[in-house]
Amino acid sequence: MDQQADESGWVAQTLAGDQSAFARLIERYTGLVYNQAYRMLHNAQDAEDAVQEIFVKAYTRLASFDPSRRFVTWLLTIASNHCIDRLRRRRQPWMTLDDVAFWLPSSHAGPEHLALEHEQQALVQQALQQLPETYRLVMILRYWHDLAYAEIAEISGLTESTIKTRLHRGRKMLAEILAQSGGAVWDVETMTK
Amino acid sequence: MGRRDYDEVASAEESTADKAMRRLLAEYGHPAPLVPPADLTARVLAHLPDQPPSVVAATVHTVRRRWQWMGSLVGLMLVSLLSLGIWGVFGNSSGPSSLVGGIASNAGEFMLVLVLAAKPLMHVLLSSGMLVIVVGMLIITMAAWLWWHMLQRVPLASPASGL
C-alpha cells in the first residue's frame with residue numbers, strides 16, 4: 001500500500017472515531033510541520049504551540065480533506081495559513097525580545113543551536129526572517145520542503161506565475177541579505193557566483 | 001517528499017536560478033531539517049480533543065453560530081436603542097417612554113430622564129459643536145488608518161534592511 005493510500009485509510013479511520021489512526025499521521029508529520037512553523041515564526045516556543053494548534057485544526061477539519069489530494073499538501077495549507085495568521089497577530093513590526101535574545105548568549109539554546117550548531121545555518125534562518133512573510137512562505141515551501149510550483153500554488157492559494165515571481169524576488173532578496181552579512185557574493189540577477 | 005518536476009514548465013533561466021539557489025543554500029548547510037523536541041508528538045496527541053472530528057466540528061460550528069446570533073442580537077439592540085434615542089431627542093420626548101408603560105411606570109420615567117438628559121447635549125453638539133464632531137471624527141479616522149498601516153500592513157521586516 002503506498003503512502004497516499006495509507007494516509008487516506010488513516011483519515012477514514014479517524015473520521016470513523018479511531019483516534020489512534022490520527023496519531024500515526026501526527027507521528028509522521030510532526031517534524032515537517034515543526035520545521036515549517038519554525039522557519040516561518042523563528043521562535044521555538046511559538047513553533048511548538050503552532051504545531052499543536054495546526055494538528056487540532058487539521059483534526060477538526062478532517063471531514064473536508066479530499067482523499068484525491070496528498071495529505072501533506074492539505075496539512076501544509078493549514079500550517080501555512082496558521083503561521084501567516086500568527087505572524088499578523090504579532091503586532092510589533094520591530095524586533096521582539098526573541099529576536100534580541102538570538103544575539104545574546106543563552107543557557108537555553110534554541111533548536112537551531114541544539115540541532116545544527118552551525119553559525120552559517122543560523123545566518124540563513126536570520127536572513128529568511130528579513131523576507132516579507134508571503135515571500136518567506138514560498139521560499140520555504142520550495143527550498144526546504146522541495147515542493148513543485150503546482151503544490152506551492154495549491155497551498156498558498158496563488159497562481160503558478162505569482163509563485164514564480166515571488167520565488168524570483170525571494171531568491172534575489174535572500175542572496176543580497178546573505179551577501180550583506182558577509183557571505184559569498186552571488187550575482188543575484190543570474191543567481192551565479 | 002519528492003519534487004514533481006514533470007508537471008512544471010520552467011524556463012531555462014528559472015531552472016538555472018533554482019539550481020543556483022540550492023547551491024547557495026547548500027553552502028550554508030541548508031536545507032537542514034530541525035529536530036523537534038522529543039516530547040512534541042506526545043504533547044500534540046495529548047492536546048487533541050477526545051471526541052471524533054465530526055463531533056468537534058459540529059461543536060465548533062454550534063459555538064460559531066451562537067456567537068453570530070449573539071452578535072446580531074447585540075447589534076439589533078444597539079440599533080433599537082439608537083432609533084429610540086433619535087426618536088426621543090429629535091421627535092417626541094415622551095415617545096420612547098410610552099412604549100414601556102408611559103411616564104407613570106419606573107421604566108418609562110427612566111427613559112424620559114435619559115431622553116431629557118441627552119436632548120440638551122445633542123443640541124449643544126449640533127449647534128456650536130459641529131466642528132468638534134467633524135474634527136473628532138477626522139482624528140479617529142486618521143488614528144484608525146495609521147494603526148492599520150503601522151501595525152497591520154507593514155511587513156514584519158523590510159526586505160531592504162540588512163541583517
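Asp18(B) and Arg22(B) sit 4 residues apart in helix H1 of chain B, about one turn of the helix; helices are DSSP runs (H or I, at least four residues), numbered from the N terminus. This is a predicted model, in which local features need pLDDT of at least 70 and side-chain atom pairs count only at pLDDT 80 or more, while totals for chains, interfaces and linings use all residues. Side-chain values use heavy atoms, without hydrogens and water.

Colleague: Why is the contact of Asp18(B) with Arg22(B) called a salt bridge?

Modeller: A salt bridge is a side-chain nitrogen of Lys or Arg within 4 Å of a carboxyl oxygen of Asp or Glu. The closest N and O atoms of Asp18(B) and Arg22(B) are 3.3 Å apart, so the pair qualifies.

Colleague: What makes Asp18(B) buried?

Modeller: Buried means under 20% relative accessible area, exposed over 50%, and partly exposed in between (1.4 Å probe, protein chains only). Asp18(B) has 5% relative accessibility, so it counts as buried. Arg22(B), at 23%, is therefore partly exposed.

Colleague: Which salt bridge of Asp18(B) crosses between chains?

Modeller: The one with Arg171(A), where the closest N and O atoms are 3.9 Å apart. The pair runs from helix H1 (residues 12–27) of chain B to helix H10 (residues 160–180) of chain A. Arg171(A) has a relative accessible area of 2%, so it is buried.

Colleague: Which residues are linked in the network of salt bridges?

Modeller: Arg142(A), Asp146(A), Arg171(A), Asp18(B) and Arg22(B). The count over all chains comes to 14 salt bridges.

Definitions and conventions. Residues numbered from 1 in each chain as written. Chains lettered and ligands numbered in written order. Helix = DSSP H or I, 4+ residues; strand = E, 2+ residues; numbered from the N terminus.
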